[in-house]
Amino acid sequence: MTLDDWLAHCERLHPKTIDMTLERSRTVRERLGLQFKAPVISVAGTNGKGSTCAMLDSIARAAGYRVGLYSKPHLVHFEERCRINGEQVDGAALVPHFEAVEAARGDITLTYFEFTTLAIARALAEADLDLVILEVGLGGRLDAVNAFDADCAVITSIDIDHVEYLGPDRESIGREKAGILRAGRPAVVSDPVPPASVIAAAESLGADLWLAGRDFNQSGDRQQWAWSGRGRRYHSLAYPALRGANQLLNAAGALAALESLRERVPVTAQAVRLGLATVELPGRFQIVPGQPALVLDVAHNAQSVAALALNLDQMGFSPCTHAVLGAMHDKDLDALVARMATLVDRWYLCDLPPPRGASAAELAEAVARVAPKAQVQQHTGPKAALAAAIASADPADRIVVFGSFQTVGGVLKDGLPRLGAPHQA
């Protein structure tokens, strides 16, 4: 069986796409004898997880460490989820780990996420690594990643999302995210205004709580920024290579996590500078040079789309902004549109694959409610919507693609689009 065969098998195995419990993952992990020899950092939160993981990975590799990274979801290829020392693991190399999980599970019907998490965890556990970084999926307390005890847990910004699984407000959601914390171990909270439930969970556990604004701080001007923690300061830092107004919060949390593990994974100031300067993460306010400019952003909830809108507003003047939007129907579609409505002149709405994907017609109804005078087109998928936007746009305009990993992944499927950039002509 190839990797694609195994992924198809994982999709068929469990009757539910999301079935939140730790029992299945823990049982199969124990049967596999799965444990990490290297320190583990787990990262949970609503927004900023991927960026925080990417910065941790980049800084640690700049310091000379061999790093394993599990992140998700992928944009185009499943192998993006598993990186060792900055390189995607080859699909064929993952197959033995899928086989091992299959043999160990017996009659336990793992979900797609549980099965693939265990397979990638086994691949990382058997690699010769100095640090393992695990990005938590939905929630935290009952997420498959929480079957592993983290040496340091990071909680990024928390907002309303996945309310049917995590609860209707930030306090409920924070309580679920705090499930990754462990007694006596560092708990880094980079959300500047965290829910009280996160702090209460850390204190009741006896975790070593690192709070933004109390245990670590960042400050900066237009040219540079600085970070200070409990025993270390970094001055005159260049801004992270990842663009966006919120990336300093993510960078500050990443530095706090590494500082909390300094006795096991010490990093130099030069590694911090180099790691932040060279970090890469597609689809996070990614600006593709060309005419018109193309912005790719996986923002898919109200908080992340608000950050996208702020970043676009600070980007400078464009005569016309064309928005390609595809989203999941369980999101607050009106809120996604409302955050962008004052910036977008023309909407190109696209279907995403069922069962979770919203149709272009559903998105059109949301635009009609929020911005009834907006120009709207409907398309069968992200590539068709982007093609229509390109055909309509003038060279000085900009096109922004957002709303879901699947939307950005859909336009990246055949490679990074180049929209008549002069240096590419």
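Predicted model: local features only at pLDDT ≥ 70, side-chain atom pairs only at ≥ 80, totals over all residues.
Helix 14 spans residues 382-392 and helix 15 spans residues 405-412; their axes come within 8 Å and cross at roughly 70 degrees. An angle from 65 to 115 degrees counts as roughly perpendicular, and the two helices are therefore roughly perpendicular to each other. The crossing of helix 14 past helix 15 is right-handed. On the side of helix 14, the contact involves Pro 382, Lys 383 and Leu 386, while helix 15 brings Gln 406, Thr 407, Gly 410 and Val 411.

Helix 9 can be followed along residues 247-260. Its 14 residues reach 20 Å from the first C-alpha to the last, close to the 20 Å expected at 1.5 Å a residue. Of these 14 residues, 13 are buried, so helix 9 is largely enclosed by the rest of the structure.

Ala 153 lies in strand 6, which covers residues 152-155. Its relative accessible area is 3%, and because buried means under 20%, Ala 153 is buried. Leaving aside residues up to four places away in sequence, Ala 153 touches Ser 42, Ile 180, Leu 181, Pro 186, Ala 187 and Val 188. Arg 182 is 29 residues from Ala 153 along the chain, and the C-alpha atoms of the two are separated by 7.8 Å.

Notes. Residues numbered from 1 in each chain as written. Heavy atoms only, no water. Axes fitted to C-alpha atoms, helices over the stretch in contact; angles between N-to-C directions. Helix = DSSP H or I, 4+ residues; strand = E, 2+ residues; numbered from the N terminus. Parallel < 35°, antiparallel > 145°, perpendicular 65-115°, else oblique. Left-handed = near helix turned anticlockwise from the far one by under 90°. Contact = heavy atoms within 4.5 Å. Expected span 1.5 Å × (residues − 1). Buried < 20%, exposed > 50% of the residue type's maximum accessible area, 1.4 Å probe, protein only.
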